[in-house]
Amino acid sequence: MLCDDIGEVLAATADGSVSLDDAARRHVEQCLRCQAELVQYRKLLRTLRTLRTEVLEPAPGLLAEILAQVEAAGERHAVRSLLSGRRVAYLGGLAAATAAGAGAAIVLTTRSRKARLPLAG
Amino acid sequence: MTAELADLVALAKEGDQQAFEELVRRTYSDSYTLALRLTGDEDDARDVVQESYLRAYRGLKRFRGDAQFTTWLYRITANCAANQLRRRTRHRHEELDEDSGPVMDADHDPAVLADAADLRARVEGALALLPPRLRAVVVLRDVYDLPHEAIAAELGISESAAKVRLHRARRKLRSEVFPGREDEQDEEQAHAV
């Protein structure tokens with residue numbers, strides 16, 4: 001087995017996502033170059049993980065810019081909701097008025113028929 | 001802290017604007033840090049963060065809460081950063097080949113190498129030298145612990161491509177942070193073929 005064959009998986013071994021098979025493990029145990037590489041990957045990955053806790057502060061003004069954008073988006077959303085709400089109310093009112101008109105027409109028609117019946121007899 | 005963020009998320013999902021703004025206040029430095037690590041440019045990072053919060057605001061109702069809010073935000077930030085880098089590439093015709101990039105002026109003193117703070121500075125320097133598409137993968141995987149699947153989804157690449165990039169990025173980082181391997185050049189060339 002060659003160092004280059006193992007080099008492909010040493011970093012993955014260092015982060016624990018891959019286990020070396022027996023042949024590879026035997027090679028690493030006897031190969032100073034691969035051992036050194038494995039140690040370097042472990043140090044590298046450990047150091048990369050420590051960067052997670054580091055916060056790089058932005059220049060002043062970013063928070064205000066984000067909040068202004070979010071606020072503007074919120075206002076646009078509110079206006080759209082209001083308009084769509086009014087549209088629904090308008091259409092609802094129109095439907096109710098139509099239904100009421102139709103109902104009134106039926107009532108009037110029925111009454112006028114009833115009124116004509118005695119005359120027919 | 002996490003529970004408080006979860007409470008704020010719940011309120012924001014119900015339309016509480018102030019709750020969302022509080023979420024921004026608590027997380028924007030962290031998001032900016034990620035954006036800066038991914039783009040390597042302060043102006044790009046600012047644009048990315050603003051775009052990320054707008055998208056988070058608009059998509060908050062789709063956030064199901066099965067992941068942490070911050071993880072969800074990282075994914076959005078990664079996606080926005082990838083888009084920003086694509087735009088930058090188109091506009092500036094930046095060379096993104098992973099074999100390009102300046103050689104780090106490294107101090108080879110083993111005693112200095114052993115120092116943790118110095119090692120951290122070296123890693124940060126080496127990260128900055130990585131091409132953006134390699135840097136994005138290694139930052140999201142090894143710094144922010146995002147799974148390969150999520151990284152691939154947000155960067156718009158396949159999962160296998162994400163793994164290949166991660167491997168290349170780690171190799172380049174190692175060779176920058178721990179210089180001195182005589183055969184490194186030969187190996188790089190062999191893999192580039």
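In what order do the elements of chain A run from the N terminus on? I read them off as α-α-α-α. Chain A has four helices and zero strands. Helices (H or I, at least four residues) and strands (E, at least two) are DSSP runs, numbered from the N terminus.

I noted the ground rules next. This is a predicted model, where local features need pLDDT of at least 70, side-chain atom pairs count only at pLDDT 80 or more, and totals for chains, interfaces and linings use all residues. Residues are numbered from 1 along each chain as its sequence is written, while chains are lettered from A and ligands numbered from 1 in the order in which they are written.

I then checked burial. Of the 121 residues in chain A, 13% count as buried. Buried means 20 or more other C-beta atoms within 10 Å of the residue's own, with C-beta atoms placed from the backbone.

I turned to where the chains meet. I found 28 residues of chain A in contact with 32 residues of chain B. Contact means C-beta atoms, placed from the backbone, within 7 Å. On chain A, the elements giving two or more residues to this side are α1 (3-14), α3 (32-50) and α4 (62-120).

Last, I looked up the largest nonpolar core, which has 62 residues. Such a core is a set of buried Ala, Val, Leu, Ile, Met, Phe, Trp, Tyr and Cys residues joined through C-beta atoms within 7 Å. B:Ala35, B:Ala81, B:Ala136 and B:Val137 touch the most other members. Helix α4 (residues 69-92) of chain B gives the most to this core, ten residues.

Technical notes. Contact = placed C-beta atoms within 7 Å. Buried ≥ 20, exposed ≤ 12 C-beta atoms within 10 Å, placed from the backbone.
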